[in-house]
Amino acid sequence: MTLTAHSIIAGTEAARPSVEAATAAAAGAFDVYRDTTPQQRGAFLDAVADEIEAGRGAIVEAAVSESGLPEARISGEAGRTTGQLRLFADVVRRGDHLGVRLDPALPERKPLPRPDLRQRMVPLGPVAVFGASNFPLAFSTAGGDTASALAAGCPVVVKGHPAHPRTGELVALAVTRAVAAHGLPAGVFSFVLAPDAQSAIELGQELVADPRIKAVGFTGSRAGGLAIVAAAAARPEPIPVYAEMSSINPVIMLPGALADGDLGALATAYVGSLTLGSGQFCTNPGLLFLPDGADGDAFLTAVGDAVTASSGQRMLTEAIARAYESGAAALREAEGVRVLARGTEGGDLAPAPQVVVAGSPAGRVTDEVFGASGVVVRYADVDALVPHLGRLEGQLTATVHSSPRDSDAARRLLPVLEGKSGRILFNGWPTGVEVSHAMVHGGPYPATSDARTTSVGTRAIERFQRPVCYQNLPADLLPDAVRDDNPWGLTRRVDGDLRLP
């Protein structure tokens, strides 16, 4: 079966072309696009950012209307989207992501000579990107997955999210204008959008199963991510899926942080992070470990007051709001759980925030509730805390609040947290992910399907590349990246030594 969909192919709003048309166009564009120079590809990525900025007013208006998110949030997300594109444009121009290594021939080496060996990274091929519900811009049509795949030299087919179809179309048109302006094949970028939820599932399955797709980027639920992973693994040619799925992002309060800090301010900051964007962030602090004792009691009282004073914010879709209400209710009814506080509903699709206290981090307590729902677990000392942390699933983030008096305890926790999360924060809150060279937005399963990667930051480009070694190639056949005269001015390793251009 070939599923048809509302799509944008080759820069025009077309009447229901097929997924097959998009993947065929991407495959046809691959050889041309992969051979673009660093300057050409960087200029194209900058042009995509320029086109999005030129259409920013209409894009922001559409995203606010479709998502219910405030204009300030969407405007910030628009800036993050163009900033990611410009950051990857710079990465491409620098060329470090190519990882060039040259091992010159050693014909006199004994007992055997060494051949001339040269290595670089090459793009995988067409990539399917699934738009995210909670980030209409930064993790969707031209978000981080698309930007990093295009930077790697891979054509992209985006499956737009049905929660914000018009936003996706406007951004897609901006991208395809940049494709056309730079004389690139139209198949470098395509956008497909199913007309309803059931068709969206079928469209995604068909896209992942298409033999021309060589990798997948996904941000969403664990169930959705695992379905895509299974479909990709069942292909005659299995392909990698880079799925960012679920995380409850544990926060650990150490005794010194409470004794030396402002308990009211700490509690307000925690509840602010928990309820930010109605809790619809993948780094939402869903589990907090709090020490026993009077300071912990006082902190908990302040948290309860802050939650009681809070009001629900509109969630992205009716399905997400209903799922939150169901998950939050199940958590309140779980064995060993008591409700600390609930806020008030904020109107339609704006259910009340909540914080509950649990006897241990086990069972339903550790299930992700996508929204403004938090769990607090008390602990006696670090000896009791370490086994709790060791039993947690993989996480995107882990946060520690400490003071200098907690140094020994914090040092003991670090190796445990390294084994459980992709980003470790001290004295902050996990919501908010900086787009930078050093950022990691990933983690052990089930936070992501591949713990070796990140979906944010410049290392995201590595997901869509593979190494190729060239042995004893004639000089006139060598790719520019590995030529002796280094025409692209790349930083390279020569016989293991780092050589600057």
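I began with Phe135, which counts as buried at 9% relative accessibility. Buried here means under 20% relative accessible area, exposed over 50%, and partly exposed in between, with a 1.4 Å probe and protein chains only.

**Ground rules.** I am working on a predicted model, in which local features need pLDDT of at least 70, side-chain atom pairs count only at pLDDT 80 or more, and totals for chains, interfaces and linings use all residues. I number residues from 1 along each chain as its sequence is written, and side-chain values use heavy atoms, with hydrogens and water left out.

**Entry: the phenylalanines.** I looked for partners of Phe135. I counted rings of Phe, Tyr and Trp (its six-membered ring) as a pair if their centres lie within 6.5 Å; planes under 30 degrees apart are stacked, over 60 edge-to-face, and the rest tilted. By this rule I get 7 aromatic pairs. One of them joins Phe135 and Phe139. The centres are 5.1 Å apart and the planes stand at 55°, a tilted pair. Phe139 is buried too, with a relative accessible area of 8%.

I then took Phe135 with Phe281. Their ring centres are 5.6 Å apart and their planes are at 80°, so I log the pair as edge-to-face. Where do Phe135 and Phe281 lie? Phe135 is in the loop between β5 (127-130) and α5 (144-152), and Phe281 is in the loop between α10 (263-275) and β11 (287-291), so the pair ties together parts that are 146 residues apart in sequence. For element names I use DSSP runs numbered from the N terminus: helices are H or I with at least four residues, strands are E with at least two. Phe281 counts as buried, at 12% relative accessibility. I note Phe135, Phe139 and Phe281 as one aromatic cluster.

**Entry: helix α5.** The loop that holds Phe135 runs up to α5, and I checked the cover on that helix next. How many of the residues of α5 are buried? I find 9 of 9, a mostly covered helix. Among the buried residues are Asp145, Thr146 and Ser148, along with Leu150. Just after α5, Gly153 takes a positive phi of about 100°.

**Entry: Leu287 and strand β11.** Leu287 lies in β11. I read 1% relative accessibility for Leu287, which counts as buried. Which residues does Leu287 touch, leaving aside its neighbours within four places in sequence? I list Ile248, Asn249, Pro250, Val251, Pro361, Val375, Val377 and Leu392. Contact means heavy atoms within 4.5 Å. I also took the span from Leu287 to Gly225: 62 residues in sequence and 22 Å in space, C-alpha to C-alpha.

Entry: Asn249, one of the contacts of Leu287, has a positive phi of about 50° although it is not a glycine. I place Asn249 in the loop between β9 (241-244) and β10 (251-253). Asn249 is buried, at 0% relative accessibility.

Asn472 sits in the loop between β17 and β18 (492-494). Is Asn472 buried or partly exposed? I have Asn472 as partly exposed, with a relative accessible area of 48%.

I logged two cis peptide bonds. One runs from Lys110 to Pro111, with omega near 5°. Pro111 is in the loop between β3 (101-103) and β4 (117-123). Another runs from Tyr445 to Pro446, again with omega near 5°. Pro446 is in the loop between β16 (421-426) and β17 (465-471).

**Entry: the whole chain.** I count 14 helices and 19 strands. The radius of gyration is 24 Å, close to the 23 Å of the globule rule for 501 residues, so the chain is as compact as a globular protein of that length. The radius is taken over C-alpha atoms, and the rule is 2.2 Å times the number of residues to the power 0.38. The C-alpha atoms fill a box of roughly 75 × 65 × 40 Å along the principal axes. Of the 501 residues, 56% count as buried. I find that residues 24 or more positions apart account for 76% of the contacts with a separation of 6 or more.
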